[in-house]
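Here is a short briefing on one protein chain. Keep the sequence and the 3D view open while reading.

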Amino acid sequence: VTLVLGGLRVLGQAYGLYGTAVGTTAFALVLILIFIAVIWRTSRLLSMSERESRANRAVLRANEEKFRKVFKSAPVGITLTRASNNTIVDVNQAFLDMIGHTKEEVVGRSNTEIGLVQGTMDHEQVLAGSSADENLGPQELESVARSGKTFIVCLNTQEIEESGERQVMTMVEDITERHASAQALHSSEEH
């Protein structure tokens, strides 16, 4: 563009259509207009990009809020565990009700440290079997509540990314009654 404008300025001066001062002024004005147009177009693109970014952030916040609501109100226990060291990052109230601990007692500790696991397969072994984009479960495990009462849980795990960190979300369902009913039915069928 500048070569074409420079060429027109030289040709106009060569044919005597206008003087050097007018040609130079016209050339400068056209360059300024082009520069303003480029700035205007760039600002519009940035503005559109910023609007899209704000819209994306709003959608992300809405989705995070939905996740939090589901997490907190779910009728089954849910834990978020840091994949790197198996420490609990967050738990919902249903999980706390099931195990009889407070949130302060469990966050930052592993299930083994809290004393929630019984038997040969512990929760860390279940989590170790989970990998990215893999839903692991259902897996039955015997657990111990704070009161000392043992109960059987069904675990379903899914590795997720939360705040740039790999975490394992575990759904914990107390199946003690279902397990006892199945055993009673099996016993009654044998007799």
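How many helices and how many strands are there in the protein chain? The protein chain has seven helices and five strands. The model is a predicted one. The points below go from the whole chain to single residues.

**Overall layout**

- Read from the N terminus, the elements follow the order α-α-β-β-α-α-α-α-β-β-β-α.
- The protein chain has 191 residues, and 28% of them count as buried.
- Its accessible surface is about 12400 Å². Carbon and sulfur atoms make up 58% of that surface.
- Take the contacts with a separation of 6 or more: 36% of them join residues 24 or more positions apart.

**A nonpolar patch on the surface**

- Five residues form a nonpolar patch on the surface: Val4, Leu8, Leu11, Tyr15 and Leu17.
- Leu8 sits in helix H1, which covers residues 2-14.
- Leu8 counts as partly exposed because its relative accessibility is 48%, between the limits of 20% for buried and 50% for exposed.

**Salt bridges**

- How many salt bridges does a search of the whole structure find? The search finds seven.
- In general, side chains of opposite charge can pair when their charged atoms come close.
- One of the bridges joins Glu50 and Arg54, with the closest N and O atoms 3.0 Å apart.
- Both Glu50 and Arg54 belong to helix H2, residues 20-73. They are four residues apart, about one turn of the helix.
- Glu50 is partly exposed, at 43% relative accessibility. Arg54 is partly exposed too, with a relative accessible area of 41%.
- Another bridge pairs Glu173 with Arg178. Their closest N and O atoms are 2.9 Å apart.
- Glu173 has a relative accessible area of 33%, so this residue is partly exposed.

**Arg68 and its partners**

- Arg68 and Asp90 meet through their side chains in a salt bridge, at 3.1 Å from N to O.
- This pair links distant parts of the chain: Arg68 is in helix H2, Asp90 is in strand E2 (residues 88-91), and 22 residues separate them.
- Is Asp90 buried or exposed? Asp90 is buried, because its relative accessible area is 13% and the limit for buried is under 20%.
- Arg68 has a relative accessible area of 25%, so Arg68 is partly exposed.
- A network of salt bridges links Arg68, Asp90 and Lys103.
- Arg68 also lies over the face of Phe71, 5.5 Å from the ring centre.
- As for pairs between rings, the structure holds one aromatic pair.

- Asn86 is in the loop between strand E1 (77-82) and E2.
- Asn86 is not a glycine, yet its phi is positive, about 60°.
- Val91 belongs to strand E2.
- Val91 is buried, because its relative accessibility is 3%.
- Which residues does Val91 touch, leaving out those up to four places away in sequence? Val91 touches Phe71, Ile78, Thr79, Leu96, Lys103 and Val106.
- Val91 and Ile78 are 13 residues apart along the chain, and their C-alpha atoms are separated by 5.7 Å.

**Strand E3**

- Where is Ser143? Ser143 is in strand E3, residues 135-144.
- Ser143 counts as buried, because its relative accessibility is 7%.
- Ser143 and Ile99 are 44 residues apart in sequence. In space, their C-alpha atoms are 8.5 Å apart.

How values were computed
Residues are numbered from 1 along each chain as its sequence is written. This is a predicted model: local features need pLDDT of at least 70, side-chain atom pairs count only at pLDDT 80 or more; totals for chains, interfaces and linings use all residues. Side-chain values use heavy atoms; hydrogens and water are left out. Patches are made of residues with over 30% relative accessible area and no salt bridge: like charges are joined within 9 Å, nonpolar side chains (Val, Leu, Ile, Met, Phe, Trp, Tyr) within 5 Å. Accessible areas come from the Shrake-Rupley method with a 1.4 Å probe; for residues, only the protein chains shown count as cover. A salt bridge is a side-chain nitrogen of Lys or Arg within 4 Å of a carboxyl oxygen of Asp or Glu. Helices (H or I, at least four residues) and strands (E, at least two) are DSSP runs, numbered from the N terminus. Buried means under 20% relative accessible area, exposed over 50%, partly exposed in between (1.4 Å probe, protein chains only). Contact means heavy atoms within 4.5 Å. Rings of Phe, Tyr and Trp (its six-membered ring) pair if their centres lie within 6.5 Å; planes under 30 degrees apart count as stacked, over 60 as edge-to-face and the rest as tilted. A charge sits over a ring if NZ of Lys or CZ of Arg is within 6 Å of the ring centre and within 35 degrees of the ring normal.
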